[in-house]
Amino acid sequence: MPELPEVQALADFLRQRTDGLVVTGVELGSFHVLKTFTPPPDALVGAPVDGVSRHGKFLDLDCGGTHLVFHLARAGWLRWSDAMPATVLRPGKSPIALRVRFDDSSGFDLTEAGTQKRLAAYVVNRVEDVPGIVSLGPDPLADAFTEEVFAGILAAHRMQVKGLLRDQSIVAGVGNAYSDEVLHVAKLSPFAIAAKLDAEQVTRLYAALRETLAHAVATASGKPAKELKDAKRAGMRVHGRTGETCPECGDVVREVSFADSSLQYCATCQTGGKPLADRRTSKFLK
């Protein structure tokens with residue numbers, strides 16, 4: 001799933017590439033992708049792209065005051081083309097869910113692999129009309145997101161810190177991959193209780209969160225959309241690296257599996273050398 005760094009890179013790429021362009025077409029490859037009815041997608045046609053921004057994991061194209069907002073979810077992606085095919089996209093079994101064309105013949109497709117179909121697009125007059133955006137927590141890279149603010153958030157939640165970092169209503173933009181990375185840098189167990197972290201742990205976690213995301217944003221910056229997935233995977237320290245060597249201490253990277261996801265961690269760096277038990281069979285290590 002694209003997270004804050006990749007979505008920010010996509011926003012920067014689209015902002016630069018669509019500057020001065022006008023939307024000439026919006027085509028649906030899947031009726032399920034569009035979550036709004038008014039205004040219709042055709043309201044975007046003829047409008048200039050006035051800006052592109054990010055809200056958590058949402059991308060927002062402001063087209064003359066009408067917004068095309070989309071969330072790529074777990075299996076979605078954006079595929080850019082400098083010369084879009086002339087054939088009109090038709091609903092069917094194609095992985096292309098939505099196509100946008102611009103007046104220089106360029107454009108992009110929103111694609112989605114798999115069968116779950118969670119990719120979501122919205123055409124709205126106000127960004128606040130997108131339910132997932134209005135419920136977002138603060139952006140962890142915003143200037144207003146100070147250590148004091150973060151400490152207050154942690155103190156208010158008696159939940160595992162891994163879940164807190166992934167909860168979009170608490171902190172916007174972080175998902176499964178970067179929460180693993182942040183906790184590894186902070187040397188904290190994913191199952192530590194947020195409200196029980198002491199001041200030194202809070203400081204470590206705050207610094208790890210900001211620095212890890214800022215570094216990932218800088219690494220992704222300037223890369224075309226087609227290179228972002230590989231760049232993300234290459235930059236991971238522990239996430240997705242089960243069985244490999246921890247780059248910090250040399251221990252093996254371990255995994256805890258869940259029904260539809262998994263997390264990776266280093267026992268030496270994060271849990272005092274004690275392996276975490278699988279949730280399906282044993283209690284968590286706190």
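Buried means that a residue has under 20% relative accessible area, exposed means over 50%, and partly exposed lies in between (1.4 Å probe, protein chains only). The views below come from a predicted model, in which local features need pLDDT of at least 70, side-chain atom pairs count only at pLDDT 80 or more, and totals for chains, interfaces and linings use all residues. Residues are numbered from 1 along each chain as its sequence is written, and side-chain values use heavy atoms, with hydrogens and water left out.

**View 1. Two residues with positive phi, A73 and K187.** Start with A73, which has phi near 55 degrees, a positive value in a residue other than glycine. Look for A73 in the loop between β4 (66-71) and β5; helices (H or I, at least four residues) and strands (E, at least two) are DSSP runs, numbered from the N terminus. Is A73 buried or exposed? A73 counts as buried because its relative accessibility is 7%. Now find K187 in the loop between α5 and α6. Phi of K187 is near 60 degrees, and K187 is likewise a residue other than glycine. With a relative accessible area of 36%, K187 is partly exposed.

**View 2. A cis peptide bond from T38 to P39.** Omega of this bond is near -5 degrees. P39 belongs to the loop between β1 (23-28) and β2 (49-55).

**View 3. The two sides of helix α3 (residues 147-155).** F150, I153 and L154 are buried in this helix. Why do they lie on the same side of α3? They do so because they cover an arc of only 95 degrees around the axis, the arc being that of the directions from the helix axis to the C-beta atoms. E148 and A155, on the other side of α3, are exposed. The cover over the buried residues of α3 includes α4 (161-166) and α6.

**View 4. The largest nonpolar core, with 37 residues.** A nonpolar core is a set of buried Ala, Val, Leu, Ile, Met, Phe, Trp, Tyr and Cys residues joined through side-chain atoms within 4.5 Å. L14, L61, F70, L78, F102 and F108 have the most contacts inside the largest core. Helix α1 (residues 4-18) gives the most to this core, namely six residues. Beyond its neighbours within four places in sequence, F108 has contacts that include L14, W80, M84 and V100; contact means heavy atoms within 4.5 Å. Another core lies apart from this one and has 29 residues, among them I153, A177, V182 and L183.

**View 5. The largest pocket, holding about 800 Å³ of space.** On a 1 Å grid over the protein atoms alone, a pocket is an open set of points where a 1.4 Å probe fits, with protein on both sides within 12 Å along at least five of seven lines; lining residues have an atom within 4 Å of a point. Grid points are joined across faces, edges and corners, and a volume is the space filled by probe spheres set on the points. Of the 33 lining residues, M1, P2, E3, R74 and K232 lie nearest the centre of the pocket. Which element supplies the largest share of the lining? That element is α7, with three residues.

**View 6. The second largest pocket, with a volume of about 270 Å³.** Its lining has 16 residues, and Y178, T212, H215, A216 and G235 are the closest to its centre. Here α6 (199-220) gives the most to the lining, with six residues.
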